[in-house]
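Here is a quick tour of a two-chain model, written for someone who likes to see the cut-offs. Have the coordinates open while you read.

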Amino acid sequence: MPTVSVGRDRLFAALGETYSNSHSILPVSFFLVVCVAAYFSVLTISAQEEFEELCFKFGIELDDVTSLIRPFVVCAILRGITFDEARYNSFIELQDKLHQNICRRRTLVAIGTHDLDTIQGPFSYEALPPQEINFVPLKQLGAAVVGSAPGAAAQVAADLRADDVDNGVQAKDLQFVVKKRMHREKVATCIMVKSFRADDLLEYYKSDMKLKKFLHIIENSPVYPVIYDNNRTVLSLPPIINGAHSAINLKTRNVFIECTATDLTKAKIVLNTMVTMFSEYCEKKFEVEPVEVIYSDGKSMICPDLSVSRMEVPLSEIIDPIGISLDVSEVVTLLNKMQLEAAHSSLATGDFNIVVSVPPTRSDILHARDVMEDVAIAYGYNNIPKSKPKCMTTGGRQPLNRFSDKVRAEVARAGYMEVLTWVLCSHEENFSMLRRKDDGDKAVIIANPRSADFEVVRTSLMSCLLKTLKHNIDHPRPIKIFEVGDVVVLGGDRDVGASNNRRLAALYCNVSSGFEEILGLVERIMKVVRAPHINAPDNYLKPSDEPEYFPNRQCSIIFNGKQIGNFGIVHPEVLKKFGIPDPCSFMEIDIQSLL
Amino acid sequence: MVAEDAILGFLQSQDEIADSHEFAAGLGIDHTELENVIKRLNGFEIIDAQDFKKDNYLLTEEGKLYAVEGSPEVNFFLAVPPEGISLANLKITLDPKVFSIGSSWSKKNNWIEIAKGSVTRKVDAVEDKVKDLLKGIEDGKFVDGNDVAELLKRKLIVKQTWKGYKLRKGPKYVSKRKKAATDLTREHLQKGDWKDLEFKEYNLNAQGQPIQIGYLQPLLEAWQEAMVREEIQNIFLQMGFEEMPTNNFVESSFWNFDALFQPQQHPARDSHDTFFLKAPATTRDLPEDYVERVKRVHEVGGYGSKGYGYDWKRDEADKNLLRTHTTAVSTRMLYMLAQKKPFTPKRYYSIDRVFRNEAVDRTHLAEFHQIEGLICDHGLTLGDLIGVLEDFFARLGMTKLRFKPAYNPYTEPSMEIFSYHDGLNKWVEIGNSGMFRPEMLLPMGLPEDVNVIAWGLSLERPTMILYGIDNIRDLFGPKVDFNVIKNGPICRLGLQ
């Protein structure tokens with residue numbers, strides 16, 4: 001079940017009771033879930049009763065070109081609503097929350113709310129080339145201030161672009177604010193309410209911190225979605241901005257809600273959430289006025305759809321997975337406690353089914369399992385009798401991990417300190433700082449790194465150990481550190497096209513290079529990993545020419561005819577790039593191939 | 001050694017050495033050298049040394065000259081012939097200093113008479129007492145106090161106070177001292193002389209040598225069964241869990257999300273939360289018949305579910321990413337298990353790295369380690385989950401657990417696990433758990449009555465609580481301070 005956070009004081013106000021904080025966290029949150037559910041279902045049941053009597057005053061027509069960009073719209077009307085400051089703010093806040101979450105930052109659904117008394121139905125939802133759309137956007141009332149003292153005027157304009165404008169202050173209120181401010185700033189000016197062409201508006205919003213992140217949704221489309229009223233007044237340019245003309249404010253009595261969407265199911269859920277949450281403040285409580293949506297092919301749909309669906313669940317499917325034994329009536333009682341209407345029906349076999357009425361607000365109930373969860377919550381998780389799974393299984397470890405642990409212990413016994421570093425690093429650290437070139441065939445590249453620290457998945461542990469050394473450069477010499485960890489390389493036999501490879505790397509830093517120290521460690525590792533009765537050749541070192549090592553002071557490690565690693569003195573230019581003043585020797589081995 | 005042998009040898013036959021200065025002079029060695037030996041022997045109570053102050057006098061440069069050449073007054077007197085001499089002639093023959101000092105002292109001693117420019121003797125012969133006194137002082141002989149005062153006045157000698165010692169046998173007197181050894185050496189064993197050796201007392205307040213050992217990070221195990229990861233690993237093994245192969249950081253969206261019945265519009269699939277890949281951008285293949293079943297359950301449901309009712313897109317499922325949870329591996333394991341007939345129950349666990357595209361701060365890392373356990377069998381219940389969690393966490397020393405409803409797209413029901421922390425005196429969240437949704441399990445082909453109970457937690461959280469670390473970056477990554485690794489106490493999990 002999804003959880004909704006509710007202000008504690010507002011919840012207590014709704015309940016008409018307060019609960020002290022001496023309850024532990026568990027019962028309080030339990031109350032929370034139950035009460036929010038109760039809140040929803042009371043609303044909807046009443047709304048349903050009223051539903052039949054409502055008449056269809058308004059309709060919205062769909063232009064079929066909207067299917068190119070944002071094919072769905074659902075609408076509803078709340079009449080005789082009374083806002084106060086708290087209600088108004090929570091109305092705005094709910095829209096913000098929905099936009100962020102279920103609407104996925106307005107990509108799936110965008111909500112527009114309008115003062116119905118300023119506009120006239122029927123409305124039309126169209127998709128037009130941006131050059132043909134002209135309107136005064138909500139946010140632009142203040143920004144269009146011009147003045148004889150340009151600096152001051154710009155400042156006033158900037159101040160007015162703050163959230164109070166966005167929250168739907170009416171044009172005339174705003175003019176008053178601006179005039180007052182103008183007077184104070186001694187700016188002789190007039191207010192121009194500026195009308196924008198849609199494509200210019202999007203260009204303009206590129207510098208708007210709040211809106212710029214939504215522009216990509218329609219920016220590259222040849223047509224933009226737009227909603228007009230009967231007088232061709234623009235209601236909104238979804239999912240970017242509403243028109244200033246129909247903005248709601250504290251005095252608004254009748255609210256027209258439209259949700260445009262690319263996902264109809266989500267749009268319905270969003271609309272249902274909006275109307276069920278706020279119909280409480282209508283003159284006739286919990287009354288919602290429906291709107292008919294007519295598609296260009298003549299099909300029509302009445303929304304919001306507040307119908308209740310039935311779900312029939314065998315009793316055993318509810319109580320067996322919980323591990324409790326309850327009879328039908330007890331289960332029904334628990335479901336009622338969760339504000340779900342439930343009844344039972346008897347089957348010919350002597351078993352029972354539970355019949356649950358799922359209200360439109362419980363969009364989370366998809367399966368009998370969701371009903372089972374409500375029963376388990378109402379029963380109380382902490383009251384469920386504990387039992388033990390009966391299956392007999394044997395434990396076991398992955399051979400590679402077991403082997404890695406043995407190698408780690410061996411290197412630690414040799415006096416090296418283990419470190420644990422990040423798999424992600426910058427492209428530079430993995431390549432150019434190690435004097436290596438990216439041929440494009442080795443490293444996994446991140447498409448959306450938040451910062452340069454997360455550009456590639458490491459293909460060697462060298463940069464990681466050098467970075468760790470750099471951060472501990474004041475530690476007494478010699479510094480001996482190691483890591484056993486995974487790198488990722490492109491290719492391999494995995495379906496995704498990239499595979500992990502387990503590596504051992506060790507770094508020695510002192511006043512002299514410590515080449516023999518590292519060689520000693522390589523010899524030790526090669527000696528202890530050798531399987532008994534197998535005579536690996538003693539001569540497993542071959543001179544190499546890798547750019548990250550010092551010339552003539554480096555070797556490849558060969559095992560079963562395959563190069564599995566290398567070691568040597570770290571190249572002075574590499575040390576310089578990582579800011580390390582003392583000579584270092586380094587080794588890295590693919591231990592997966594030693595297994 | 002010469003001095004030590006001399007002292008001990010002397011005291012063997014004599015009762016005492018009255019004056020260390022005289023003794024040193026007798027040996028012909030410097031007193032300072034002798035003094036060091038005296039102090040050492042006294043410290044071991046081999047001799048008993050009483051110190052005393054002794055005034056000693058040293059000749060000045062002038063005094064040394066007189067001791068050789070005689071005093072100026074005597075030289076002056078000797079230069080005056082018995083018949084007398086004119087002062088002017090005398091002045092020419094004598095050194096000016098001898099003339100001036102000698103004339104005044106001779107006169108004072110009443111040896112001569114000076115009148116009308118000529119000098120005459122008043123006595124026939126004189127004794128050079130000053131020269132004799134100076135020679136005596138130089139040789140260390142006793143000199144009368146008045147004479148000393150006179151010489152001091154004439155700045156021919158200076159006074160110096162010396163410390164001297166009177167030596168007697170001490171309680172531990174031996175005629176020949178054995179040398180105390182400080183350490184047992186190979187040589188001692190070879191010679192066999194360790195039996196006769198005296199060993200120096202050991203100062204137990206001295207610090208030991210820093211030991212040369214490697215250190216494992218607190219996040220991974222330190223020594224043998226010590227650290228958190230290995231302990232948790234042991235607990236899983238004791239409870240019959242089999243480790244899953246998690247060495248696959250790159251995963252496709254399909255196995256990370258879609259197969260878990262996580263809808264394609266879910267916020268977790270947003271680029272703000274997940275690292276998507278430029279290379280390799282998409283997966284090479286997926287099991288097509290299974291993909292078809294997953295698509296259907298998302299779009300229209302089935303298996304008793306309504307589904308999410310949206311257009312499921314293959315492109316989204318193909319996108320590669322860095323796995324956001326190890327549950328991607330669990331999903332693959334369960335799918336493979338479902339393909340094996342007949343079904344066999346399994347307990348699986350893993351502890352490995354996961355990736356989130358989050359801003360790094362005190363409590364969040366872009367990479368961290370996830371611990372996951374799951375059991376798959378016929379007819380498992382929520383009661384079984386609670387029972388197994390109590391067992392698991394009790395072995396970590398957390399015996400008081402409570403469960404709170406939570407939301408997770410692929411588990412239903414979902415429970416947050418809280419444990420009462422005695423140190424913090426409050427309930428702290430330690431992990432998440434739940435039963436996998438039928439919409440996830442049934443498309444895999446698992447039998448209808450098979451349930452999967454699972455739980456997960458991060459490895460960093462218990463480690464931070466255990467080591468009192470409040471910044472996760474102290475634990476992990478290149479900025480970790482070596483001293484944190486070196487000075488961390490061993491993990492006592494599972495030892496209580």
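Strands pair here if DSSP finds at least two bridges between them. Helices (H or I, at least four residues) and strands (E, at least two) are DSSP runs, numbered from the N terminus.

This is a predicted model, in which local features need pLDDT of at least 70, side-chain atom pairs count only at pLDDT 80 or more, and totals for chains, interfaces and linings use all residues. Residues are numbered from 1 along each chain as its sequence is written, and chains are lettered from A and ligands numbered from 1 in the order in which they are written.

**Strands**

Chain B has 19 helices and 18 strands.

| Strand | Partner strand | Sense and bridges | One bridge pair |
|---|---|---|---|
| E1(B), residues 16–17 | E6(B), residues 157–169 | antiparallel, two bridges | B:Glu16 with B:Arg168 |
| E2(B), residues 47–59 | E6(B) | antiparallel, 13 bridges | B:Ala49 with B:Leu167 |
| E20(A), residues 445–446 | E11(B), residues 277–279 | antiparallel, two bridges | A:Ile446 with B:Leu277 |

**Where the chains touch**

Contact means that C-beta atoms, placed from the backbone, lie within 7 Å. By that test the interface takes 80 residues from chain A and 85 from chain B. On the chain B side, helix H16 (residues 382–395) gives the most, with seven residues. That side splits into 41 nonpolar, 22 polar and 22 charged residues. For the classes, Ala, Val, Leu, Ile, Met, Phe, Trp, Tyr, Cys and Pro count as nonpolar, Asp, Glu, Lys and Arg as charged, and the others, Gly among them, as polar.

**Cores**

A residue is buried if 20 or more other C-beta atoms lie within 10 Å of its own; 38% of the 496 residues of chain B qualify. A nonpolar core is a set of buried Ala, Val, Leu, Ile, Met, Phe, Trp, Tyr and Cys residues joined through C-beta atoms within 7 Å. The largest one has 80 residues, and A:Leu335 and B:Ile453 are among those with the most contacts inside it. Beyond its neighbours within four places in sequence, A:Leu335 touches A:Leu340, A:Ala342, A:Val356, A:Asp374 and A:Val375.

**A helix crossing**

In chain B, the axes of H5 (residues 72–79) and H7 (residues 96–108) come within 7 Å and cross at roughly 90°. That makes H5(B) roughly perpendicular to H7(B), a label for angles of 65 to 115 degrees. Axes are lines fitted to C-alpha atoms, for helices over the stretch in contact, with angles running from 0 to 180 degrees between N-to-C directions. Residues meeting here include B:Phe76 and B:Phe77 from H5(B) and B:Trp105 from H7(B).

Note on methods: Contact = placed C-beta atoms within 7 Å. Buried ≥ 20, exposed ≤ 12 C-beta atoms within 10 Å, placed from the backbone. Parallel < 35°, antiparallel > 145°, perpendicular 65-115°, else oblique.
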